[in-house]
Amino acid sequence: MRTILTGIRSNSVLTLGNYLGALLPMVRLANQHSADSRVNIFVPDLHSIISEVDGNLRDNTLRTLKYWLAAGLEVNENVHIYRQSYVPAHSELCWILNCVATMGETSRMIQYKEKSKGQESCNVGIFDYPILMAADILLYDAEFIPLGEDQFQHIELARDLAMRFNKRFGEIFVVPAKTADQVKFMGMENALRIRDLTNPEKKMSKSTAAENSKIMLDDEPAQAAKKIMGATTDSEGVIRFDMVKQPGVSNLLTIEAMVTNTPLQDVISTWAGETRYGELKKKVASSVSQMLELFQARLNEVTDEQVLALLDEGERYANEVANKKLFEAQKAFNLR
Ligand code: ATP
Ligand code: MG
């Protein structure tokens, strides 16, 4: 049985962009494949601490897991959820892989360059986390790792490390699929990028300070509606889908299509030629607030007990699988 593995960091509440661009598609993939694949959903809480955590990490982690369930993740005997820090083999294998990876290849990671840029002293975790990520993947023989394109370079690194290790010590790790195949698997040929509401040239990001630029999954629906009403548009005066010339309007059309689960082309046709931006905003504001209301109602139904029970099973499973693989890697270096 092949393994699909994915996770989302738990630094803070997620945005509408994270939800539409990551959580929802991942939940759909998981549900679609869980009859014939193992599906590992984990919260990389050790990755969370490479940067500042907004709130209490343990609580955020449980909340992130509730998001998965509220977004519709169906848990069956092939689906396991766990927290990275509750499976010590991740850190152990990371150390072993540190001794296989080179400074050169790790220094080339774009995420590292971007995240360390301008920092007077950058923590070593920011440099090393792609190696921890390789451990996250290789411990479970994961073939497909649905993630955003910003993580593709790290998947390539995990592949390189697996191949290097196997060449030196024999077939210990399953080499994850190439990024081109990951993209195909995810059906991500044209990845969704929800834009920043006040600055639509940029993508919406949870770490952007301006509150009006992003919709958080915990926003009061009325507050979210207000943010949509205040979204930056343009002075073209006609509603058109053109991400280059009219990114603000196009973003609103995209959001409308996604939250109402309507094909984008249909939404574009509905609004084609209209000139009143205010009407479009009203419609999108209403759709987004309805979506949030529904999502938050589902979130309230997920209890701590439910999540903790799933974690109990998931972490038992993850430790068993990960420890077996770790033992192989330890034997390779004659640590065992
Ligand atoms: P940060 O500012 O901390 O980087 P972020 O909002 O960019 O936060 P990430 O933790 O980097 O979120 O990414 C989590 C997931 O959400 C990734 O799979 C990423 O591709 C996806 N994602 C992030 N922003 C958007 C967006 N604006 N539209 C669609 N998907 C997004
Ligand atoms: Mg990001």
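Me: Which residues line the largest cavity?

Reply: The model is predicted, and in it the largest cavity is lined by Ile 4, Leu 5, Thr 6, Met 26, Leu 29, Ala 30, Val 39, Asn 40, Ile 41 and Pro 146. Strand 1 (3-7), helix 1 (16-33) and strand 2 each supply at least two residues of that lining.

Me: What makes this space a cavity, and how much space lies in the largest cavity?

Reply: The word cavity applies because a 1.4 Å probe fits there but cannot get out. About 40 Å³ of space lies in the largest cavity, and the structure holds one cavity of 30 Å³ or more.

Me: How do the residues of the lining of the largest cavity divide into nonpolar, polar and charged?

Reply: Eight are nonpolar, two are polar and none is charged.

Me: Which residues line the second largest pocket, and which helix gives the most to the lining?

Reply: The second largest pocket, with a volume of about 200 Å³, has a lining that includes Arg 28, Arg 193, Phe 241, Met 243 and Leu 264. Helix 11 (residues 247-259) gives the most to this lining, with three residues. By class, the lining has seven nonpolar, three polar and two charged residues.

Me: How do you know that Ser 207 makes a polar contact with ligand 1?

Reply: The cut-off is 3.5 Å between N or O atoms, and a polar side-chain atom of Ser 207 lies 2.3 Å from an oxygen atom of ligand 1, so the pair counts as a polar contact. The protein covers 86% of the 590 Å² of accessible area that ligand 1 has on its own. The pair formed by an N or O atom in the side chain of Lys 206 and an oxygen atom of ligand 1, at 2.7 Å, also meets the cut-off.

Me: Why is the aromatic pair of Phe 42 and Tyr 82 called stacked?

Reply: The ring centres of Phe 42 and Tyr 82 are 5.6 Å apart, with 20° between the planes. Rings pair if their centres lie within 6.5 Å, and planes under 30 degrees apart count as stacked, so the pair is called stacked. Phe 42 lies in strand 2 (residues 38-43) and Tyr 82 in strand 3 (residues 79-83), so the pair ties together parts that are 40 residues apart in sequence.

How values were computed: Residues numbered from 1 in each chain as written. Chains lettered and ligands numbered in written order. Predicted model: local features only at pLDDT ≥ 70, side-chain atom pairs only at ≥ 80, totals over all residues. Heavy atoms only, no water. 1 Å grid on protein atoms, 1.4 Å probe; cavity = no way out; pocket = protein on both sides within 12 Å on 5 of 7 lines; lining within 4 Å. Points joined across faces, edges and corners; volume = space filled by probe spheres on them. Helix = DSSP H or I, 4+ residues; strand = E, 2+ residues; numbered from the N terminus. Nonpolar A, V, L, I, M, F, W, Y, C, P; charged D, E, K, R; others polar. Polar contact = N/O pair within 3.5 Å; in protein donor to acceptor, adjacent residues only side chain to side chain. Areas by Shrake-Rupley, 256 points an atom, 1.4 Å probe, with all protein chains shown as cover. Phe/Tyr/Trp six-rings, centres within 6.5 Å; stacked < 30°, edge-to-face > 60°.
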